[in-house]
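Trainee: I have a new model open and I'd like to learn how to read it. Can you walk me through a few features?

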Amino acid sequence: MMNLDTTIADYLDRGQLPFLPTDHFIAGAWSPPASGERMESFDPGRAAPFHAVAAGDEEDVERAVSAASSAQRAWGRTKPSARGAILVEAARLLKAEADRFAFVESLDSGKPLQEALGDVSGAARAFEYYGACANAIEGATFPLGPDYLGYSIPEPVGVTAHIIPWNYPLSTAARGIAPALAAGCTVVAKPAETTPLTMLMLAELLSRAGLPDGVCNVVTGTGPAAGAPLVADRRVRHVTFTGSVPTGISVMTAAARNVATVVLELGGKSPLVVLADADLGAAAEGAIGAIFENAGQICSAGSRLIVERGVHDDLVARIAEKARALAMGHGLTRPTLGPLNSEAHLGRVAAKVDAAGARGLTPLLGGRAATDPATGKGWFFEATIFDDVAATDPLVTDEIFGPVLTVQVAEDADHALELANGTDYALVAGIYTTNFAAAHRLAQEIDAGQVFVNEYFAGGIEVPFGGNRQSGFGREKGFAAMRNYMRVKSVAARIA
Ligand code: NAD
């Protein structure tokens with residue numbers, strides 16, 4: 001059992017690391033890349049490499065998809081309760097090894113350790129929940145009358161590909177892979193190039209939990225070299241993708257050529273609406289978490305505060321005061337604001353904020369790239385707020401995926417609704433009000449896949465999640481996600 005504080009001190013003081021995976025995980029074993037090539041993993045809090053993993057290519061993908069195809073029939077025919085028991089055991093192991101997973105997740109992604117610990121417990125919960133769902137798979141009977149028997153058999157769709165982003169590497173992986181395994185599908189996962197480690201560790205953990213060889217495989221590598229051949233493989237029957245809109249479109253195009261299904265969880269520009277009668281203390285607290293957790297690198301971040309004019313000054317002052325108090329630091333030191341995941345992403349965020357400056361907008365707070373005050377290193381961006389921004393400004397319409405909040409002023413609830421629905425995205429929305437009827441009227445009218453009332457990010461693995469329009473389609477989480485991985489076979493038999 002690892003001692004978390006000692007491991008952190010060993011790394012921060014002496015650069016020593018516990019065992020970290022370096023190879024693909026294929027057919028139940030570590031597997032070196034065919035090309036022999038490696039790619040570096042960076043610590044975003046120090047802007048320095050700390051490890052290297054396999055740079056996968058189509059040869060590695062071919063081996064992984066072959067392993068998944070070979071394992072498919074037996075896994076699909078395994079009793080659902082036996083599949084569920086393996087998932088529940090994986091949840092138990094994840095909880096027991098939470099410190100190790102959180103340490104690696106924080107180091108690889110940059111996120112604060114306390115958030116990484118939350119992600120690990122969320123991932124464990126996903127395995128627990130879908131372990132139970134395996135027992136709830138049922139078909140139907142069809143009323144054909146006494147001379148026929150009509151019934152359905154739910155079947156696993158087959159080999160599934162999971163393309164995983166860098167902002168929530170472990171929890172995004174778990175929310176896709178757990179229902180796929182519960183439904184009897186095999187898996188080939190391709191984690192993001194900057195955060196490959198916890199997915200590799202998860203595959204090895206699943207193996208220890210009893211998952212047969214070949215049922216869950218991982219190939220690391222870049223999107224073009226490893227992701228593209230995976231989603232184009234004819235044996236892959238479903239792709240679960242989380243990431244950017246352009247990559248989502250190319251993944252969907254590749255899957256369409258094979259008539260494979262996809263779920264796309266893309267970006268967002270989600271509104272957080274605060275009506276004049278809201279509890280402003282709760283709304284300010286909610287807004288801080290909504291945009292500064294994980295340094296704003298959240299598809300469902302509440303990046304647009306829409307507030308009724310009467311409480312605008314009070315609420316913005318409260319949020320700015322809390323934002324000023326956020327402390328930047330290396331993820332492993334448990335800061336309240338961690339670094340961005342990569343130098344390239346820091347460049348993207350800074351460019352969008354600089355472009356706003358060039359248009360004449362001045363932030364109320366923040367607005368600049370920064371470093372860890374303790375070391376002078378790392379890829380940080382200040383907590384940033386732009387007040388009273390026009391609905392058509394790119395700061396409001398374009399996803400920034402960083403710690404940048406825009407404020408829009410609404411004259412009344414109807415105007416707030418119009419502003420809330422004013423972008424091409426429709427992922428989630430937050431509503432703060434003490435008026436029960438107003439809350440649920442807005443919840444009906446706002447275009448989003450999920451609405452939070454009086455607590456941004458309320459919910460859990462039980463609640464379906466996903467977007468509309470440019471935010472994608474299909475739902476993950478909840479029992480709804482099981483349907484991504486199952487198909488219905490209907491049987492009609494004459495019995496008289
Ligand atoms: P991306 O969409 O390019 O990468 C996401 C995943 O797709 C990675 O695993 C990547 O390797 C893989 N990928 C890339 N090209 C591929 C291809 N042709 N075929 C198959 N897989 C491929 O995202 P990014 O470049 O890392 O980030 C850019 C922007 O994407 C961010 O600024 C943000 O707006 C958005 N993003 C959104 C989410 C989300 O949760 N919705 C997550 C990460 C990034």
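Predicted model: local features only at pLDDT ≥ 70, side-chain atom pairs only at ≥ 80, totals over all residues.

Trainee: Fine. How many salt bridges does the count come to?

Mentor: The rule is a side-chain nitrogen of Lys or Arg within 4 Å of a carboxyl oxygen of Asp or Glu. By this rule the count is 25. Take Asp 23 and Arg 38, whose side chains meet at 2.8 Å, N to O. Asp 23 sits in the loop between helix H1 and strand E1, and Arg 38 is in strand E3, so this pair ties together parts 15 residues apart in sequence. Asp 23 is buried at 15% relative accessibility, while Arg 38 is partly exposed at 38%.

Trainee: Where do Glu 204 and Arg 208 lie?

Mentor: A helix is a handy place to start: an α-helix has 3.6 residues a turn, so residues three or four places apart point the same way. Here both Glu 204 and Arg 208 belong to helix H7, four residues apart, or about one turn. Their closest N and O atoms are 3.1 Å apart, in a salt bridge.

Trainee: Which residues are linked with Lys 95 in a network of salt bridges?

Mentor: Arg 125, Glu 128 and Glu 462 join Lys 95 in that network.

Trainee: Now cysteines. How many disulfides does a search of the whole structure find?

Mentor: You look for two cysteine sulfurs within 2.5 Å. The search turns up zero disulfides. For Cys 216, the nearest cysteine sulfur belongs to Cys 185 and is 12 Å away. Cys 216 is buried, with 4% relative accessible area.

Trainee: Is Thr 186 buried or exposed?

Mentor: Under 20% relative accessible area we call a residue buried. Thr 186, in strand E8, comes out at 0%, so it counts as buried. A polar atom of the Thr 186 side chain is 3.2 Å from the backbone oxygen of Ala 68. Among the residues Thr 186 touches are Gln 72, Trp 75 and Val 215.

Trainee: What covers the buried residues of H8?

Mentor: First pick out the buried ones: Ala 226, Gly 227, Pro 229, Leu 230 and Val 231. Their cover includes helices H2 and H9 and strands E7, E8 and E10. At the start of H8, a side-chain oxygen of Thr 222 comes within 3.1 Å of the backbone nitrogen of Ala 225.

Trainee: And which residues form the nonpolar patch on the surface?

Mentor: Phe 142, Leu 144 and Tyr 148, with about 260 Å² of accessible area together. Leu 144 is in the loop between strands E5 and E6 and is partly exposed at 41%.

Notes: Residues numbered from 1 in each chain as written. Heavy atoms only, no water. Buried < 20%, exposed > 50% of the residue type's maximum accessible area, 1.4 Å probe, protein only. Helix = DSSP H or I, 4+ residues; strand = E, 2+ residues; numbered from the N terminus. Contact = heavy atoms within 4.5 Å. Polar contact = N/O pair within 3.5 Å; in protein donor to acceptor, adjacent residues only side chain to side chain. Patch = residues over 30% accessible without salt bridge, like charges linked within 9 Å, V, L, I, M, F, W, Y side chains within 5 Å. Areas by Shrake-Rupley, 256 points an atom, 1.4 Å probe, with all protein chains shown as cover.
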